[in-house]
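Trainee: I would like to learn how to read a protein model, one feature at a time. Could we go through one together?

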Amino acid sequence: MAKCELCDKTRQTGHKISITRSQVSRRANKVWKSNVKKIRINDNGTARTIKICTSCLRSGKVTRAV
């Protein structure tokens, strides 16, 4: 499942709207998945693997293991 272990960001649901002749005709269910990567981080000197979203990774909330 696409879920960040730090910020608990998960998938979002909504409607995909098809428009014909400038009128809303149909609504279909749609799911947007979060951009989650599986990386190795340093956790108190030991390396472990977690699933983290790219926004947490870019903000520097964790340090990557080499």
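Mentor: What follows is a walk through this model, from the overall fold to single residues.

Mentor: This is a predicted model, in which local features need pLDDT of at least 70 and side-chain atom pairs count only at pLDDT 80 or more, while totals for chains, interfaces and linings use all residues. Residues are numbered from 1 along each chain as its sequence is written, and side-chain values use heavy atoms, with hydrogens and water left out.

Trainee: What percentage of the 66 residues count as buried?

Mentor: Buried means under 20% relative accessible area, exposed means over 50%, and partly exposed lies in between (1.4 Å probe, protein chains only). Of the 66 residues of the protein, 17% count as buried.

Trainee: Which residues make up the largest nonpolar core?

Mentor: In soluble globular proteins, nonpolar side chains tend to be buried together. A nonpolar core is a set of buried Ala, Val, Leu, Ile, Met, Phe, Trp, Tyr and Cys residues joined through side-chain atoms within 4.5 Å. In this protein the largest such core has eight residues, namely Cys4, Ile39, Ile41, Ile50, Ile52, Cys53, Cys56 and Val62. The elements that give two or more residues to this core are β3 (36–43) and β4 (46–53), and β4 gives the most, with three residues.

Trainee: Which residues does Cys53 touch?

Mentor: A contact means heavy atoms within 4.5 Å. Not counting residues up to four places away in sequence, Cys53 touches Cys4, Cys7, Lys9, Asn35 and Val36.

Trainee: How many disulfides does a search of the whole structure find?

Mentor: A disulfide is a pair of cysteine sulfur atoms within 2.5 Å, and the search finds zero of them. Take Cys4, whose sulfur is 3.6 Å from the closest cysteine sulfur, in Cys7, too far for a bond. Cys7 is likewise in no disulfide. As for accessibility, Cys4 counts as buried at 1%, whereas Cys7 is partly exposed, with a relative accessible area of 34%.

Trainee: How many salt bridges does the structure hold, and which residues form a salt bridge?

Mentor: Side chains of opposite charge can pair when their charged atoms come close. A salt bridge is a side-chain nitrogen of Lys or Arg within 4 Å of a carboxyl oxygen of Asp or Glu. This structure holds one, formed by Asp43 with Arg48, and their closest N and O atoms are 3.1 Å apart. Both partners are partly exposed, Asp43 with a relative accessible area of 31% and Arg48 at 39%.

Trainee: Where is Asn44 found, and what is the value of its phi?

Mentor: Asn44 is found in the loop between β3 and β4, and its phi is near 55°, a positive value in a residue other than glycine. At 76% relative accessibility, Asn44 counts as exposed. Asp8, in the segment before β1 (12–20), also has a positive phi, near 60°.

Trainee: Is Ser34 buried or exposed, and where does it lie?

Mentor: Ser34 lies in the loop between β2 (23–32) and β3 and is buried, with a relative accessible area of 14%. Leaving aside residues up to four places away in sequence, Ser34 touches Ala2, Lys9 and Thr10.

Trainee: What can be read about Ser18 in the same way?

Mentor: Ser18 lies in strand β1 and is partly exposed, with a relative accessible area of 32%. Beyond residues up to four places away in sequence, Ser18 touches Gln23, Val24, Ser25 and Arg26. The C-alpha atoms of Ser18 and Ala28, 10 residues apart along the chain, are separated by 8.2 Å.

Technical notes: Helix = DSSP H or I, 4+ residues; strand = E, 2+ residues; numbered from the N terminus.
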